Amino acid sequence: MKKYLFDQFVHNIMSHTGFTKEELFANSRNSDVSDARKFLYKLCKDRGISNISIQNYMEQSGYSCYASTVPQAIKSLEKKIANDPDFSIILEKLSNVDD
């Protein structure tokens, strides 16, 4: 139902980071890629997308994750946001969605 929002957030993250869709959804522990996925999870949750839906959209994009991963990742990102105000600015920029 909210796949459009998910796709918009993916597009925003790719534009901001320069990552390709393949890089973003690769099974990589690279911290920059991991942070980008954390932003994706937080953006989705902030717009009311359930953990299960996020998991399904991620799997449709080629990345296997568990719904329980989402809150852990968001908590990790929120710690970074608390320590670095630039992350709040980035989050705000990434949250813009075209109608």
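Which residues of helix α4 (residues 51-60) are buried? They are I54, Q55, Y57 and M58, where buried means under 20% relative accessible area, exposed over 50% and partly exposed in between (1.4 Å probe, protein chains only).

## What you're looking at

This is a predicted model, so local features need pLDDT of at least 70 and side-chain atom pairs count only at pLDDT 80 or more, while totals for chains, interfaces and linings use all residues. Residues are numbered from 1 along each chain as its sequence is written, and side-chain values use heavy atoms, with hydrogens and water left out.

## Overall build

The protein chain has six helices and zero strands, and from the N terminus on the order reads α-α-α-α-α-α. The radius of gyration is 12 Å, close to the 13 Å that the globule rule gives for 99 residues, so the protein chain is as compact as a globular protein of that length. Helices here (H or I, at least four residues) and strands (E, at least two) are DSSP runs, numbered from the N terminus. The radius of gyration is taken over C-alpha atoms, and the globule rule is 2.2 Å times the number of residues to the power 0.38.

Along the principal axes, the C-alpha atoms fill a box of roughly 30 × 30 × 25 Å. Of the 99 residues, 38% count as buried. Take the contacts (heavy atoms within 4.5 Å) with a separation of 6 or more: residues 24 or more positions apart account for 63% of them.

## Surface and charge

The protein chain exposes about 5,900 Å², and carbon and sulfur atoms supply 49% of that. Accessible areas come from the Shrake-Rupley method with a 1.4 Å probe; for residues, only the protein chains shown count as cover.

On the charge side, there are 13 positive and 13 negative side chains, with the centres of the two sets 7 Å apart.

An α-helix has 3.6 residues a turn, so residues three or four places apart point the same way.

What covers this buried side? The cover includes α1 (3-17), α3 (31-46) and α5 (69-83). The face turned away from it carries the exposed residues I52 and Q60. Just after α4, G62 takes a positive phi of about 100 degrees.

L43 lies in helix α3 and is buried, with a relative accessible area of 3%. Leaving aside neighbours within four places in sequence, L43 is in contact with F9, I13, L91, L94 and S95.

H11 sits in helix α1 and is partly exposed, at 44% relative accessible area. H11 and K21 are 10 residues apart in sequence and 8.5 Å apart in space, C-alpha to C-alpha. N27, in the loop between α2 (21-24) and α3, counts as exposed at 74% relative accessibility.

Terms used
Lys, Arg positive; Asp, Glu negative; His and termini not counted. Charge placed at Lys NZ, Arg CZ, Asp CG, Glu CD.
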